[in-house]
Amino acid sequence: MLKKILLAVDGSDQGMKAADYAVRLAHTQEGLVEIIYVINNTQNILSDVPFMDPAMSVRLKEEMANNLIETGKNIIAQANEKFRDTGISYTTKVIEGDPAEEILREAENQNVDVIVIGSRGLSGVTRFVLGSVSNKVVNHAHCSVFIVR
């Protein structure tokens, strides 16, 4: 029986299809779903720009971080719509870090029974079989992983 389901969303079409699948899975298993979005850690993006004023760099980093948090909240809201009025219990969380590592960490910390994730994200690079995040998750997870195409 799948009591705890971790749904990782990223705003991609496959991520939203994964949300649809998680709804069906949770409904049949009466499971609790945790929906997470991981903000890819961008802490060092502007650190190597030699001509940028340090104060401006700090402001830009703060602005970027705020924009990424808003993006994460919007993507979580899209996933919330899939669960609204279903009667399924769910929680949401926005995390910052390496997406695959944070998904794996959250799955282990929450002792989930299954991770549901899209096959490819928004990286713009099409892989032959799986995206880099879903590939890392499926190869290192302590639990079952459903990859949704």
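Contact means heavy atoms within 4.5 Å. I wrote that down before opening the model, along with how helices (H or I, at least four residues) and strands (E, at least two) are defined: they are DSSP runs, numbered from the N terminus.

**Ground rules.** This is a predicted model, where local features need pLDDT of at least 70 and side-chain atom pairs count only at pLDDT 80 or more, while totals for chains, interfaces and linings use all residues. Residues are numbered from 1 along each chain as its sequence is written, and side-chain values use heavy atoms, with hydrogens and water left out.

**Entry 1: helix 1 against helix 2.** I looked at where these two touch. Met-16, Ala-19, Asp-20, Ala-22 and Val-23 of helix 1 meet Ile-75, Gln-78, Ala-79, Lys-82 and Phe-83 of helix 2. Two packed helices are described by the angle between their axes and the distance between the axes. Here the axes come within 9 Å and cross at roughly 35°. Axes are lines fitted to C-alpha atoms, for helices over the stretch in contact, and angles run from 0 to 180 degrees between N-to-C directions. I noted the crossing of helix 1 and helix 2 as right-handed: the near helix is turned clockwise from the far one by less than a right angle.

**Entry 2: helix 1 itself.** I checked its span: helix 1 has 17 residues and reaches 24 Å from its first C-alpha to its last, close to the 24 Å expected at 1.5 Å a residue. The expected span is 1.5 Å times one less than the number of residues. Next I looked for its buried residues (under 20% relative accessible area; exposed is over 50%, partly exposed in between; 1.4 Å probe, protein chains only). Among them are Gly-15, Ala-18 and Leu-25. The buried residues of helix 1 pack against strand 1, strand 2, helix 2, strand 4 and strand 5. After helix 1 comes Glu-30, with a positive phi near 55°.

**Entry 3: Gln-14.** I stopped at this one, which lies in helix 1. Is Gln-14 buried or exposed? Gln-14 counts as buried because its relative accessible area is 18%. Leaving aside neighbours within four places in sequence, Gln-14 is in contact with Gly-118, Ser-119, Arg-120, Val-148 and Arg-149.

**Entry 4: the strands.** Two strands pair if DSSP finds at least two bridges between them. Strand 1 (residues 4-8) pairs with strand 2 (residues 32-40) in the parallel sense over five bridges, and Lys-4 has Leu-32 as its bridge partner in strand 2. From strand 1 the chain goes through helix 1 to strand 2, a right-handed β-α-β crossover. Right-handed here means that, with the strands pointing away from the viewer, the path from the first strand over the helix to the second runs clockwise. Strand 2 also pairs with strand 3, parallel, over eight bridges, and Tyr-37 stands opposite Val-94 there. Strand 1 runs parallel to strand 4, joined by four bridges; five bridges join strand 4 to strand 5, parallel as well.

**Entry 5: strand 4.** In a regular strand the side chains alternate between the two faces of the sheet. I checked both faces of strand 4: Val-114, Val-116 and Gly-118 on one side, and Ile-115 and Ile-117 on the other, are all buried.

**Entry 6: Leu-6.** What is the relative accessible area of Leu-6? I found 0%, so Leu-6 is buried. Leu-6 sits in strand 1. Leu-6 and Val-112 are 106 residues apart in sequence and 6.4 Å apart in space, C-alpha to C-alpha.
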